[in-house]
Each structure stands twice: as C-alpha cells, then as structure tokens.
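Thanks for coming, everyone. I'll show the structure, then walk through a few parts of it.

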Amino acid sequence: MARNLVNIEEVSKAFDIRALLERVSLGVSEGDRIGIVGRNGSGKSTLMKIIAAVESPDEGRVTKSNSVKIGFLSQVDWADPNSTVGDVVLGDKAKHEWASDAGIREVFTGLFGGFDDHLFERTFGTLSGGERRRVGLAKLLIDDLDLILLDEPTNHLDVEGVAWLASHLNNRKSLAVLVITHDRWFLDAVTERTWEVVAGKVEEYDGGYSAFVLAKAERARQANAMDARRNNLIRKELAWLRRGAPAQTTKPKFRIDAANVLIAEEPAPRDQGELLKFARNRLGNTVYEAHHLHVRAGDKELIDDLYWNVGPGDRIGIVGINGAGKTTLMRTLVGEIQPFAGKLVTGVTVKAAFLTQHLDELNPQWRVLEAVEKVAAHIELGNGKSLSASQLCERLGFDKDSQWTPVGDLSGGEKRRLQLTRLLMDSPNVLLLDEPTNDFDIETLTELEDLLDSYGGTLVVISHDRYFLERVCDQFVGLLGDKALRDLPRGVDQYLEQRASAIPGVGVEEKSKTVSSAAEQRQFKKDLARLERQIEKVKVRISELEQDQTNSAFDPAELSRVTAELESARMELNSREEEWLEITLLLEP
C-alpha cells in the first residue's frame, strides 16, 4: 500500500469576507499524480500553498508523514538576482558530484539543451521568464523529493519543453506530483486524478483532464443541475475529443461509452464548408502570399527564401523552437517588419488583428465594458449571428459585475483577456494570435475555443498550449531553426519527431515507434490504476447496498429501490472488471 505523505483535514481559508476553501479534507500518497483545476480565483493556488505550508489555514490542520520531503514551484520564479544559476540549482554541490549523476545530467539536457560553465555563471537577474521557470524546475527535479507541488509549471515553456517535462515525470514512478495548470494536454499526459476547486469545495474525479470532462458531463446529466450553456460547451468538447480534426494522429484515450447519450447527435465543432464560404466572401481568394521571402531580426537571418500561401478560412498553428522566428514572421505578415528580401502580397480586403505577447496600455480609469465599447457595440460572427460588447465580455470571463471594474485594477491575465476582447470586437477577418492562452483558466479557454469555432476568417496561432493548438487549428507549420518553414501534416507529433531526429544514431521512424509504444504503455497503466480505484469503490458500494437490502426486508418499496440499485452496481462492477482484464492482456509482452 502506498505511503501517505500529506493530509489536510477540515481545512477552511478565506480572504476578506470571501471563503475560498470550506471544511476541505484531502490526502496525497506516494506516487499520486493529481491535477487541480478550477476558475481563476477559485482557490487552487491557496490549496496548494496550504499543502506546502507556505500559508496556514484559518481552520483545520495539515499533517505530514515523518521525513517527507516536499518541493514547491510557485507561479513566481524568485531567487537572489545576484546569485548564479549554479548557486540556485546546485547549491554547494561540487562539480564532480553532479556531473557524474545521470539523473542531473538528464534534467539539464532536457531543460537547457545541455550544461556548460557559461550557463551556470549567469546571474538569476539576467534571465528571461522562460529561463527562470526552467531554473526553478531544474532545482526541484534534481532534489531528492517525495512530493512536488507545481503551480503553472508549463508557463513560458515551448511545446518541446512541455513534452519533455511530461515524459520525465512519467518516468519517476514513486514521485508524487500535484499540479495546477491550464495546459490540458499536460494534465492528460501526467495526471491520474483530478481535483476541481469550486464554490469552496473540492470535487474529486478519477483520470486526467479528458476523463474529468467525461465524468463531469455524466454527473451533470444525471443530476440535471447544470445550465444549458455550460452543458452545451461540455458536450461540444466531448464531441471534439471523440472525433477531432482528421489531421490529428493522436487524441486522449479514454472510455466515452457513458457519454454517448450526450454526444451522439453532436456535430463536428466547426462547419468547415460554411466557414470557408463566409471567409471567401469577406476575403476573396488572397490573404497572404510570400514569394522568395527573407525574414531577419537585426543581423540574424531567420527565414530564407520562403514560398507560402495563407488562404481564406485557413486555421494555421505555428510551432517552433525559441528564437526561430515565429513572432517575427507574424509581425512581417501584419506589416510591422519589412521583409529583408522577396515579396509579400497582402489581399486588398484583409483586415488583420494581431494579439501580441505584450499588453497594450489602456486608460486605467476606463471600465472594462467601456474599453470594449470604445471599439464597437456589436461583433458580427457571420451566418446572421452577433454578440454585444457585454455578451462578448461575459464569454471571455468578465461577468456583469466585473465589467464595471476599472482597467487599472485588473490583473495581468485579466488585462490580456480585455486586450483579446477588444481585438475581436473590431470584427477582423484575419486574426493572428501570439500566445493567446497565457494566464487563462481552463473554463475561459473553453469559451474562447467555442468562440473561435464560429470565427469566419483566417486564423494564425502561436502557442505552447498543445491542446489549444490542436483544438482550433487544422493545419500546422514549423520553424526548427534551419531558416525553413516546414509543412506538418501530422501536426505537433510530427514536429516533435523531427526535433528528436536530430539525436545522432536515432532515425525518425525508430524514435517515433519508441515514443508511441512508451506513451501507450503509460496510458494503459494509468487506465489500470483508475479502474482499480473504481472497482474498489463499487465493491464498497455493493457491500453497503447488500446491508441495506437486509435492513429493508419488510419495506417493499425501499427493498425494490435498493435491489435495483444493487443490480446496477453489480453490472458496473462486471463492466469495470472486464475492462481491467482487456487492458491487462494488452500490457502482456
């Protein structure tokens, strides 16, 4: 039986008069992989800080087993700005101590691409946000810990870095991981249980993000307690998880039999034909055409001799290594940077909007709704659909009350949402989004994806959020640092394979098979763990119902109800055990 590491019992915590947690009791055991989800401000980070003993509960208690070692990665990467990377990560370890440790070398290679004296001599204050995040992760991953608490670990990491981190954690079986992240792909890749923080409580679910969506939809269907708008969003996401875009080669694997009633008639997320027709009416046949294009940033040549056509209704995701020119290419398309050589043709009807990684300055005295209405009062979505400024604000996370908040009082994430809302309000027919998901919670991301499903224009997206990219884009291109823009018919998987093929002695096909096999093995093992927990719960429930059956022997109505529920529970047990057996057979060599 796995060793218990941390328990919180009857924990409550409030800020001002708002209760974030109310009488919450939870436990974390050795090897647990738990994702924490919930809206921004729901109390996710507070829950994690209480477990890490960074904050104290107002009521209740936190207990830890003897000698348990816990590491905590907060949203803010902090260290003495004058300390070196070597000081922060390695502390007093002598070079011969860590250089001979294969685990430490693997962490440095995965996060920094290798290790040299120049890296260790850099001071923390000179590092970028992404570099600071990697330093914080490296410190945690090389320490001998029992439990690591990760608050938005994928912020500032590129697609490749996120994939490496997921693989590394999956290879460390005994390490317990508790993670808060809006990166749904990462949650599916790493976690086996989900805690949803909502209305002061924590709801527990088996499985990663996809299984959480399924279970939440099934609970809502049974309880009939969810409003139509939210239920429709969940059904739509389930339909995408089930069918997805044809170009996708992998999707999260989980059983959806129980949800078939929810999604049997659900159409594809987007009506491609209708959107393409609308886009052509708005844009004609030309959006962007690049001929012999050369793109530079200062003296550095990033893209050489590019031929590329971006057409009406295209939905393109751009992936690539940091510094390869993703953002520079976008800035070239919108005319902020002139090509060094070659020709860029822009369609005469193009009305582009560019969401950058930098926040535009707005009048801090404006209210949120006022800032949006300064652009327009309504947005046309096409097909006769439109939204008011207030409705669009609400879709992107500004409820009726927060629409009257002064812009100066907004957080960084809220300002970014406001920036996106203003862009959309201008009804562009070409939308270029550079890391649009930063600081968005999962529910707001779902709303944004739903909104983009009805967007009748051309969409070009840069994002480290793999789930978001695969959800909203139909085509992918990649920049691998060799000055060429590559088509990626199989999307992010193909990009990662091409990056991995640079390793000497390992071919793309061989590497792909190994990764695929390892990924399937991990998924099967996660499914087994989930099923074993479910089987145990059903057995306990059957035992309780058998006792209830005995106690209600002289109450015909109650006996009938208990007997029906007992039969249902036994059928569920048979189904779970059959599924467990199927997966066990698949795992046999």
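Let's start with a helix contact. R134, L137 and L141 in α6 meet G161, W164, L165, H168 and L169 in α7. By class, that contact of α6 with α7 has five nonpolar residues, two polar and one charged. Keep in mind that this is a predicted model.

How are the two helices arranged? Helix α6 covers residues 129-142, and helix α7 covers residues 159-170. They pack at an angle of about 10°, and their axes are 13 Å apart. Angles under 35 degrees count as roughly parallel, so α6 and α7 are roughly parallel to each other.

Next, the sheet. Six strands form an open sheet with mixed pairing. The order is β14-β17-β18-β12-β19-β20. Which strands sit at the edges? β14, residues 352-355, and β20, residues 485-487; each pairs on one side only. Neighbouring strands of this sheet are turned by 20° against each other on average, direction ignored.

Look at the β14 end. β14 pairs with β17, residues 430-434, in the parallel sense, over four bridges. There, F354 stands opposite L432 in β17.

Now the interior. In soluble globular proteins, nonpolar side chains tend to be buried together. Here the largest nonpolar core has 72 residues. Which residues have the most contacts inside it? W308, L418 and L452. Take L418. Leaving aside neighbours within four places in sequence, L418 is in contact with L362, V368, A371, V372, F398, V407 and L410. There is also a second, separate core of 44 residues. F124, F186, F212 and V213 are among them.

Methods
Residues numbered from 1 in each chain as written. Predicted model: local features only at pLDDT ≥ 70, side-chain atom pairs only at ≥ 80, totals over all residues. Heavy atoms only, no water. Pairing = 2+ DSSP bridges. Axes fitted to C-alpha atoms, helices over the stretch in contact; angles between N-to-C directions. Parallel < 35°, antiparallel > 145°, perpendicular 65-115°, else oblique. Contact = heavy atoms within 4.5 Å. Nonpolar A, V, L, I, M, F, W, Y, C, P; charged D, E, K, R; others polar. Core = buried A, V, L, I, M, F, W, Y, C linked by side-chain atoms within 4.5 Å. Buried < 20%, exposed > 50% of the residue type's maximum accessible area, 1.4 Å probe, protein only.
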